[in-house]
Amino acid sequence: MEQLQQRVTLRDLRFYAFHGYYPEEQVLGNEFIVEVEAVFDRSSGTAETLETTVDYEVVYRMVQEEMAVSRKLLETVAESILVRVRAHYAFVHEARVKLLKNHPPFGGDRAGAAVELIWKR
């Protein structure tokens with residue numbers, strides 16, 4: 001039996017936010033880049049309606065709201081985004097959130113640190 005899977009990905013979402021373990025990171029802030037991906041089964045010939053897909057505008061708003069809440073660990077931010085996507089789209093069977101922090105405080109002019117969480121049903 002054939003199966004059609006659909007993958008909706010939001011890439012290079014840039015935010016200035018105040019996540020970090022150290023107090024100065026929560027005061028000074030930093031640039032973050034977020035990527036979110038959702039995978040689900042799709043029926044061929046599905047009507048062109050947002051109810052049958054992952055609306056990337058809705059997902060963007062979820063990410064935007066979570067990025068506005070200061071947290072110590074990138075893992076916590078990524079998990080909060082992942083939980084919201086899963087809760088809103090029950091038909092999704094795989095989701096991934098990657099959060100990259102540009103210029104973390106350990107040095108390096110082009111350094112970056114990333115956390116990626118992957119959930120599969």
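These legends accompany close-up views of a predicted model. Local features need pLDDT of at least 70 and side-chain atom pairs count only at pLDDT 80 or more, while totals for chains, interfaces and linings use all residues. Residues are numbered from 1 along each chain as its sequence is written, and side-chain values use heavy atoms, with hydrogens and water left out.

**View 1. Arg121 sits in the segment after β4 (112-120).** Helices (H or I, at least four residues) and strands (E, at least two) are DSSP runs, numbered from the N terminus. Arg121 has 63% relative accessibility, so it counts as exposed (over 50%; buried is under 20%, partly exposed in between, with a 1.4 Å probe and protein chains only).

**View 2. The Arg121 side chain meets two backbone oxygens, those of Ala90 and Val92.** Leaving aside residues up to four places away in sequence, Arg121 touches Ala90, Val92 and His93 (heavy atoms within 4.5 Å).

**View 3. Here is the largest pocket, with 15 lining residues.** A pocket is an open set of points on a 1 Å grid over the protein atoms alone, with protein on both sides within 12 Å along at least five of seven lines; lining residues have an atom within 4 Å of a point. Nearest its centre lie Glu25, Leu74, Lys101, Pro104 and Ala113. β4 gives the largest share of the lining, three residues, and α3 (74-88) supplies at least two.

Methods
Polar contact = N/O pair within 3.5 Å; in protein donor to acceptor, adjacent residues only side chain to side chain. 1 Å grid on protein atoms, 1.4 Å probe; cavity = no way out; pocket = protein on both sides within 12 Å on 5 of 7 lines; lining within 4 Å.
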